[in-house]
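Got a new structure on the screen and wondering what all the labels mean? Let's go through them one at a time.

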Amino acid sequence: MSNFKLFSNFKPTGDQPGAISRLTANLHAGIKHQTLLGVTGSGKTFTMANVIERVQKPTLVISHNKTLAGQLYQEFKEFFPKNSVHYFVSYYDYYQPEAYIPRTDTYIEKDAKINDIIDALRHAATASLLTRNDVIIVASVSCIYGIGDPEEYEKITLDLEIGKKIARRDLLHYLVLLQYAKNEFDPRQGHFRARGDMIEIYLPSGEEIIDVELENNIVVSLKKRRQQNQIHDSEFQTLNSAKIFPAKHFVTPRQKLELAIKNIRQELKERLSALKKNGRPLEAERLEQRTHFDLEMLKETGYTNGIENYSRHLSFREPGSPPSTLIDYYRHRFGNQFLVFIDESHVSIPQLRGMYHGDYARKQTLVDYGFRLPSAIDNRPLKFTEFDKKINQRIYVSATPSEYELNLSRSSHSGVLSSPPEADKLKVPNSYVVEQFIRPTGVLDPETEIRPTKGQIKNVIAEIKKRVAKKERSLVLALTKRLAEDIAEYLQEAGIKAEYLHSEVKTLERSDILKNLRTGKHDVIVGINLLREGLDLPEVSLIAILDADKEGFLRNETTLLQIMGRAARHVDGKVVLYADTITDSMRRAIGETKRRRKIQAEYNKNNGITPKKIEKAIRKSLLEEIAPAKKEEEIFTPLNAPSREAVSALEREMRKAAKEMNFELAARIRDRIKMYKQQK
């Protein structure tokens, strides 16, 4: 397996060399808790990458939101192009969890739209964890949700090799057990197609197709090709062996599935008895009908919608025990010898801490009213104490770490696994908080100014137009989603290219919006809470914070400092806070910004540094990178060879073009489809 090899045109500068050396030395000494306190624009991600290269450990990077996780994923892929870098976030474009509201007797059925691209990326991540050592996964906090037992996932994997004896019927049957769907006409990830003795397996990672050729019940040929262009792709790689992972993470071997179903029936029997004894026949009848339906589906197909609610039985866990998560895939392969970075820890830690409690309250209500068995409660995120025990060495990364991280990192030899001699040689006794205040380009923290709220929108428009004239970008921070949308529309009416960004914007579209800001397609983005931690936007010179004196979560000291940091990558960065009073949070945030400016200015003066503009390449958006658009000539199939598969593929391309508002291309594809159908 490859070692971690960092590729970059830059060398560590400013505070980076010291931070990298200290973090690495602490890790080698067995230190469990460290904090990288780095200001915005100081190159924290580059520091993290250098630490990974030096310690040579598989790494999990946890981020608090999908947008930032996407940015980190792209950066780490650029730093480690020859290693296995993956993106693991919730695969829902839309998710309404199952719930019941007793007060109004309202049952809300689970409603979700799974993003196939993200689902494929999740499968690619777990497959790499089980086959490679040089793995970096950037994940959202959803990584503490259950995804199935890695040991069972690996056991049920189908290993194929040249010369292996396996009947065609047995191979197809095994693929069905692995939850692959047979699809002869329009196969995609997690499907298979059989053409005589040639079987095409479309891997759930969405990247590759494995072609298996049988002759007299023996594997005589194995080839791998890309899924990106199913019509014309003739490039393939000849293999000696191939590992076929399950199409879904929740998979149980048939012999164990029968036992799991038996255990579920026993729990159902006990629960029905308890409900009837307590005078709740309606709840008992409801539970019986729902559970019997699910069990029939499990028995016939090995899968049912909501299968995760039976995960405790399917993995044969004890009641109350934690589910298997992405972290368990690391532990299954590497023990505790992997590194964890918790990015923007001041936000990520509270999210990790609170996820269990909200999930438990919702599930308990479903159980009480007969919608789920009690074991469904064990389909849950990890409790924070469980999460803490499952990871070993971790580095908290933030410009504004909370007392939790700081206290753990300040204690002498905090969390040392042992007391090796190296620990006594460290030059940072009693503290493992590593500061990184100096930016490689010499840019200072932004200037700050307070202005009255009266006429704030009119003033914002004037300030944005000043930046537009200089080809600079702006961010405007509002307090609500509706207000963000209304302000964006108002700015558009004023002749400004504005867009809004909030949590209801789909995951992969967020990266597109940020890219469009950098390229100049947008002059300004109006947001609420997503325009804070970690976003790397060097073209932004103005941050306008509306209603800055509305003390609360969106306007506390930490939030204000994070917002201000978005202008800290521009030499002329400025933050305007619109407020009628100066709150304590405003005073502290402005004071800290001025303190950092002073430290940075003194460093520049002492080292003869003149602040210079950050030059950062505009990379493809995450959507473009993981689902690249095809050239028009790659889309169309020659007219003399239309097939059902080709027409299906074209129909998908037509829908995609229409969704992206490329109506001209969609119309041309539509016309070509008509011509194909007329030929038949």
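Here are some questions and answers about the labels used for this model.

This is a predicted model, where local features need pLDDT of at least 70 and side-chain atom pairs count only at pLDDT 80 or more, while totals for chains, interfaces and linings use all residues. Residues are numbered from 1 along each chain as its sequence is written, and side-chain values use heavy atoms, with hydrogens and water left out.

Q: Why is Asp 105 called exposed?
A: Exposed means over 50% relative accessible area, buried under 20%, and partly exposed in between (1.4 Å probe, protein chains only). Asp 105 comes in at 54% relative accessibility, so it counts as exposed.

Q: Why does Phe 316 count as partly exposed?
A: Its relative accessibility is 33%, so Phe 316 falls in the partly exposed class.

Q: What makes the phi of Asp 105 worth a look?
A: Most residues other than glycine have a negative phi. Asp 105 isn't a glycine, yet its phi is positive, near 50 degrees. You'll find Asp 105 in the loop between strand 5 (99-101) and strand 6 (106-108). Phe 316 isn't a glycine either and has a positive phi of about 55 degrees; Phe 316 sits in the loop between helix 9 (311-314) and helix 10 (326-334).

Q: What makes a stretch of the protein a helix or a strand?
A: Both are DSSP runs, numbered from the N terminus: a helix is H or I with at least four residues, and a strand is E with at least two. On that basis the protein has 23 helices and 25 strands.

Q: What does helix 10 pack against?
A: Its buried residues are Leu 326, Ile 327, Asp 328, Tyr 329, Tyr 330 and Phe 334. They pack against several elements, including strand 2 (59-63), strand 3 (84-88), helix 4 (116-129) and helix 12 (384-390), with contact meaning heavy atoms within 4.5 Å. Just after helix 10 comes Gly 335, with a positive phi of about 65 degrees.

Q: Why are strand 10 and strand 15 called edge strands?
A: Two strands pair if DSSP finds at least two bridges between them. The open sheet here has six strands in the order 10-11-12-13-14-15, with mixed pairing. Strand 10 (181-182) and strand 15 (237-238) each pair on one side only, which is what puts them at the edges.

Q: How do you know that strand 14 and strand 15 pair?
A: They share two bridges, in the antiparallel sense, with strand 14 covering residues 219-226. The definition asks for at least two, so they qualify. As for partners, Lys 223 is bridged to Thr 238 in strand 15.
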